[in-house]
Amino acid sequence: MSATDEDEIDASSAPLIEHLAELRTRLIRSVLAFIVGMVICFTVATPIFNFLTAPLCQVLGERGQDCDLIFISPQEGFFVAIKVSLLGGFILSFPMIAYQMWRFVAPGLYKSEKGAFLPFLVASPFMFLLGAAFAFYVVTPLAYDFFLGFQQFGNGGEALPNEEVQQGLSVVFQGSAQEYLNLTIKFIVAFGLCFQLPVLLTLMGKAGLVSSRGLGEVRKYAVVAILVLAALVTPPDVITQVILFVVVYGLYEISIFLVRRVERKRVEQLREEGVLGEDEDLDDLYGLDDDEPEQPETKA
């Protein structure tokens, strides 16, 4: 190998080494931010856990029962605090993680690309929090109300809200704190991620990877996929599965609308720049319906 070839290899490998060093720096800062957020949440793990038990306590209070959770193993309390810290630490550190990700990819983007990508970076955490709030304040109380409806109250039970059962065995809820936390976090994360669907599909539409016409044509397959998703990420009760299906399918239709808007803006921009003529069929390619009549084709 000649000296010239070696110089070319060294010159081409230098940017890669710089990118890897930059990536390492961004990852280290993100991990440090996560650890700091986790430590902060660990110091206040009990108030956070008490806040997360609000849906359960609301349902139990309506049934005349005390809101009591138990530890079924000596180490369960510690693991509950760790899980609360992991969830809280990720939420607290996400702005810093998103900022580090933005700083890593921004130098490789054009000015127009930065303006297109930044709104999605801001919308992503907002949609996750919106989905998490919907799960916590709407879905979780309905789910626990359904689950606790299978309790059995006898005359010797801890709770007897009415006189329908005069005698018999009492089977009442004495939940594990860790199991309750696992189920609640599953609800929050599942709905938070599902609410990312409009952000993801709109970003893919912006990049030209999907089109509104294509999303509309695979709607029936999307319905099946959403049904399977609802069955996998939710407990085996019809209420939460139906709610998740309705919400995700609604988000899918909203995504089609947002992708169509992106396509219309792209068509208008290309026409203003003179790249796309009035007689081009780019609208038909994207499945857009213009009110203007089509112009007759002209021969070259």
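This is a predicted model: local features need pLDDT of at least 70, side-chain atom pairs count only at pLDDT 80 or more; totals for chains, interfaces and linings use all residues.

Trainee: Okay, which residues of α2 are buried?

Mentor: Ala45, Phe49 and Leu52 are the buried ones in α2. Looking down the axis of α2, you find them within an arc of 60°, so they line one face of the helix.

Trainee: What about α3, which of its residues are buried?

Mentor: In α3 those are Pro55, Leu56, Val59 and Leu60. Their arc around the axis is only 130°, and that puts them on the same side of α3. After α3 comes Gly64, with a positive phi near 75°.

Trainee: Now the cysteines. How do you know that Cys57 and Cys67 form a disulfide?

Mentor: Check the sulfurs. The S to S distance between Cys57 and Cys67 is 2.0 Å, and the cut-off is within 2.5 Å, so the pair counts as a disulfide. The structure holds 1 disulfide. Cys57 lies in helix α3 and Cys67 in the loop between α3 and β1, 10 residues apart.

Trainee: And what kind of bond is that, in general?

Mentor: A covalent one, between the sulfur atoms of two cysteines.

Trainee: Why is the disulfide of Cys57 and Cys67 called left-handed?

Mentor: Because the torsion about its S-S bond is about -60°.

Trainee: What makes Cys41 buried, then?

Mentor: Its relative accessible area is 5%, and the limit is under 20%, so Cys41 is buried. Cys194 comes out at 10%, so that residue is buried as well.

Trainee: Let's do rings. Why are Phe78 and Phe79 called an edge-to-face pair?

Mentor: Two checks here. Their ring centres are 5.7 Å apart, and a pair needs centres within 6.5 Å. A search of the whole structure turns up 11 aromatic pairs.

Trainee: And what makes Phe78 partly exposed?

Mentor: Phe78 has a relative accessible area of 48%, which lies between the 20% and 50% limits. Phe79, at 38%, is partly exposed too.

Trainee: Which residues form an aromatic cluster?

Mentor: Tyr144, Phe146, Phe147, Phe150 and Tyr180 form one.

Trainee: Last topic: which members of the largest nonpolar core touch the most other members?

Mentor: Phe49, Leu56, Val80, Val84 and Leu181, out of 19 residues in that core. The elements giving two or more residues to this core are α2, α3, α4, α5 and α6. With 5 residues, α6 gives the most.

Trainee: Which residues does Leu181 touch?

Mentor: Leaving out residues up to four places away in sequence, Leu181 touches Phe49, Leu52, Val80, Lys83 and Val84. There's also a second, separate core of 17 residues, which includes Val139, Phe195, Ala230 and Ile243.

Definitions and conventions: Residues are numbered from 1 along each chain as its sequence is written. Side-chain values use heavy atoms; hydrogens and water are left out. Rings of Phe, Tyr and Trp (its six-membered ring) pair if their centres lie within 6.5 Å; planes under 30 degrees apart count as stacked, over 60 as edge-to-face and the rest as tilted. Buried means under 20% relative accessible area, exposed over 50%, partly exposed in between (1.4 Å probe, protein chains only). A nonpolar core is a set of buried Ala, Val, Leu, Ile, Met, Phe, Trp, Tyr and Cys residues joined through side-chain atoms within 4.5 Å. Helices (H or I, at least four residues) and strands (E, at least two) are DSSP runs, numbered from the N terminus. Contact means heavy atoms within 4.5 Å. The arc is that of the directions from the helix axis to the C-beta atoms.
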